[in-house]
Amino acid sequence: MDCYLINLDRSPDRLAFMQEQFQHLQDRLSEGSINLIRIQAVDALELSDTEIAAHYEKDRYSFNARFFPNVLPSGGLSKGEIACFYSHRKCWQRIVNTDAQYAVILEDDVILSKD
(Lines give C-alpha, C1' and ligand atoms only; values in the text may rest on other atoms or scores of the structure.)
Protein backbone atom coordinates (compact mmCIF):
# COMPACT_ATOMS: atom_id res chain seq x y z
CA MET A 1 0.00 0.00 0.00
CA ASP A 2 1.25 3.47 -0.84
CA CYS A 3 1.42 5.91 2.04
CA TYR A 4 2.19 9.50 1.13
CA LEU A 5 3.97 11.44 3.85
CA ILE A 6 3.91 15.23 3.69
CA ASN A 7 7.11 16.66 5.13
CA LEU A 8 8.84 20.05 4.99
CA ASP A 9 12.48 20.04 3.85
CA ARG A 10 13.32 22.02 7.00
CA SER A 11 11.88 19.29 9.26
CA PRO A 12 14.26 16.32 8.91
CA ASP A 13 13.64 15.37 12.55
CA ARG A 14 9.96 14.80 11.81
CA LEU A 15 10.85 12.70 8.79
CA ALA A 16 13.18 10.54 10.87
CA PHE A 17 10.47 10.07 13.52
CA MET A 18 7.95 9.00 10.89
CA GLN A 19 10.43 6.59 9.29
CA GLU A 20 11.00 4.97 12.70
CA GLN A 21 7.26 4.58 13.24
CA PHE A 22 6.76 3.06 9.81
CA GLN A 23 9.66 0.67 10.28
CA HIS A 24 8.06 -0.55 13.51
CA LEU A 25 4.72 -0.95 11.73
CA GLN A 26 6.35 -2.74 8.80
CA ASP A 27 8.11 -5.15 11.18
CA ARG A 28 4.74 -6.06 12.71
CA LEU A 29 3.00 -6.79 9.41
CA SER A 30 2.75 -10.46 8.60
CA GLU A 31 1.69 -9.82 5.00
CA GLY A 32 1.98 -6.98 2.57
CA SER A 33 4.08 -3.92 2.82
CA ILE A 34 3.80 -0.18 3.17
CA ASN A 35 5.48 1.92 0.55
CA LEU A 36 6.30 5.19 2.31
CA ILE A 37 6.51 8.01 -0.23
CA ARG A 38 7.78 11.35 1.01
CA ILE A 39 6.10 14.36 -0.55
CA GLN A 40 7.97 17.63 -0.21
CA ALA A 41 5.55 19.93 1.60
CA VAL A 42 4.84 23.36 0.20
CA ASP A 43 6.54 25.75 2.60
CA ALA A 44 4.46 28.76 3.61
CA LEU A 45 7.69 30.71 4.17
CA GLU A 46 8.53 30.30 0.49
CA LEU A 47 5.01 30.67 -0.93
CA SER A 48 4.73 33.85 -2.98
CA ASP A 49 1.63 35.99 -3.31
CA THR A 50 1.67 35.21 -7.04
CA GLU A 51 1.52 31.46 -6.37
CA ILE A 52 -1.35 31.97 -3.96
CA ALA A 53 -3.28 34.20 -6.37
CA ALA A 54 -2.99 31.55 -9.10
CA HIS A 55 -5.34 29.21 -7.21
CA TYR A 56 -6.93 31.14 -4.37
CA GLU A 57 -9.30 34.08 -4.52
CA LYS A 58 -9.48 35.60 -1.05
CA ASP A 59 -12.46 37.80 -2.00
CA ARG A 60 -14.47 34.79 -3.16
CA TYR A 61 -13.49 32.89 -0.04
CA SER A 62 -14.48 35.78 2.23
CA PHE A 63 -17.82 36.04 0.40
CA ASN A 64 -18.53 32.35 1.03
CA ALA A 65 -17.47 32.72 4.66
CA ARG A 66 -20.46 35.00 5.24
CA PHE A 67 -22.77 32.12 4.37
CA PHE A 68 -20.82 29.44 6.25
CA PRO A 69 -19.53 31.27 9.36
CA ASN A 70 -19.18 28.09 11.40
CA VAL A 71 -16.97 26.48 8.77
CA LEU A 72 -14.97 29.22 7.08
CA PRO A 73 -12.99 31.98 8.82
CA SER A 74 -14.05 35.43 7.59
CA GLY A 75 -10.49 36.63 6.99
CA GLY A 76 -9.64 33.84 4.56
CA LEU A 77 -6.98 31.22 4.88
CA SER A 78 -3.52 31.92 6.24
CA LYS A 79 -0.41 31.27 4.15
CA GLY A 80 0.22 28.19 6.28
CA GLU A 81 -3.26 26.82 5.61
CA ILE A 82 -2.92 27.46 1.89
CA ALA A 83 0.50 25.76 1.82
CA CYS A 84 -0.97 22.78 3.69
CA PHE A 85 -3.78 22.49 1.14
CA TYR A 86 -1.28 22.73 -1.74
CA SER A 87 0.78 19.95 -0.14
CA HIS A 88 -2.25 17.67 0.05
CA ARG A 89 -3.12 18.55 -3.55
CA LYS A 90 0.36 17.38 -4.60
CA CYS A 91 -0.46 14.01 -3.02
CA TRP A 92 -3.84 13.78 -4.73
CA GLN A 93 -2.21 14.50 -8.08
CA ARG A 94 0.37 11.75 -7.50
CA ILE A 95 -2.33 9.25 -6.55
CA VAL A 96 -4.45 10.08 -9.61
CA ASN A 97 -1.42 9.33 -11.80
CA THR A 98 -1.15 5.79 -10.43
CA ASP A 99 -3.37 2.76 -10.84
CA ALA A 100 -3.74 2.36 -7.06
CA GLN A 101 -7.25 1.68 -5.81
CA TYR A 102 -6.45 3.41 -2.53
CA ALA A 103 -3.69 5.21 -0.69
CA VAL A 104 -3.06 6.94 2.62
CA ILE A 105 -1.98 10.55 3.06
CA LEU A 106 -0.41 11.59 6.36
CA GLU A 107 1.32 14.66 7.66
CA ASP A 108 4.59 14.27 9.52
CA ASP A 109 3.10 14.90 12.96
CA VAL A 110 0.89 11.83 13.13
CA ILE A 111 1.52 9.33 15.91
CA LEU A 112 0.84 5.73 14.97
CA SER A 113 -0.31 3.23 17.54
CA LYS A 114 2.26 0.65 18.55
CA ASP A 115 -0.50 -1.93 18.08
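## Charged pairs

A salt bridge is a side-chain nitrogen of Lys or Arg within 4 Å of a carboxyl oxygen of Asp or Glu. The structure shown here is a predicted model, in which local features need pLDDT of at least 70 and side-chain atom pairs count only at pLDDT 80 or more, while totals for chains, interfaces and linings use all residues. Residues are numbered from 1 along each chain as its sequence is written, and side-chain values use heavy atoms, with hydrogens and water left out.

How many salt bridges does the rule give? The count comes to 4. One of them joins the side chains of Arg 10 and Asp 43, with 2.7 Å from N to O. Arg 10 sits in the loop between β1 and α1 (12–28), and Asp 43 in the loop between β2 and α2 (49–55), so this pair ties together parts 33 residues apart in sequence. Helices (H or I, at least four residues) and strands (E, at least two) are DSSP runs, numbered from the N terminus. Arg 10 is partly exposed at 49%, whereas Asp 43 is buried at 11%.

## Two further bridges

Arg 38 and Asp 9 also form a salt bridge through their side chains, at 2.7 Å from N to O. Arg 38 belongs to strand β2 and Asp 9 to the loop between β1 and α1, and the two are 29 residues apart. With 31% relative accessibility, Arg 38 counts as partly exposed.

Another bridge pairs Asp 108 with Arg 14, at 2.9 Å from N to O. This one links the segment after β3 (104–107), where Asp 108 lies, to helix α1, which holds Arg 14, across 94 residues. Asp 108 is buried, at 8% relative accessibility, and Arg 14 is partly exposed, at 39%.

Asn 7 is part of strand β1 and counts as buried, with 1% relative accessibility.

## The nonpolar cores

A nonpolar core is a set of buried Ala, Val, Leu, Ile, Met, Phe, Trp, Tyr and Cys residues joined through side-chain atoms within 4.5 Å. The largest one has 8 residues, among them Tyr 4, Ile 6, Leu 8 and Ala 41. Two or more residues of this core come from each of β1 (2–7), β2 (35–40) and α4 (79–96). A second, separate core has 7 residues, including Cys 3 and Phe 22.

## The largest pocket

The largest pocket holds about 240 Å³ of space. Of its 18 lining residues, those closest to the centre are Ile 6, Leu 8, Ala 41, Val 42 and Glu 107. (On a 1 Å grid over the protein atoms alone, a pocket is an open set of points where a 1.4 Å probe fits, with protein on both sides within 12 Å along at least five of seven lines; lining residues have an atom within 4 Å of a point. Grid points are joined across faces, edges and corners, and the volume is the space filled by probe spheres set on them.) Helix α4 gives the most to the lining, with 5 residues.

Notes
Buried means under 20% relative accessible area, exposed over 50%, partly exposed in between (1.4 Å probe, protein chains only).
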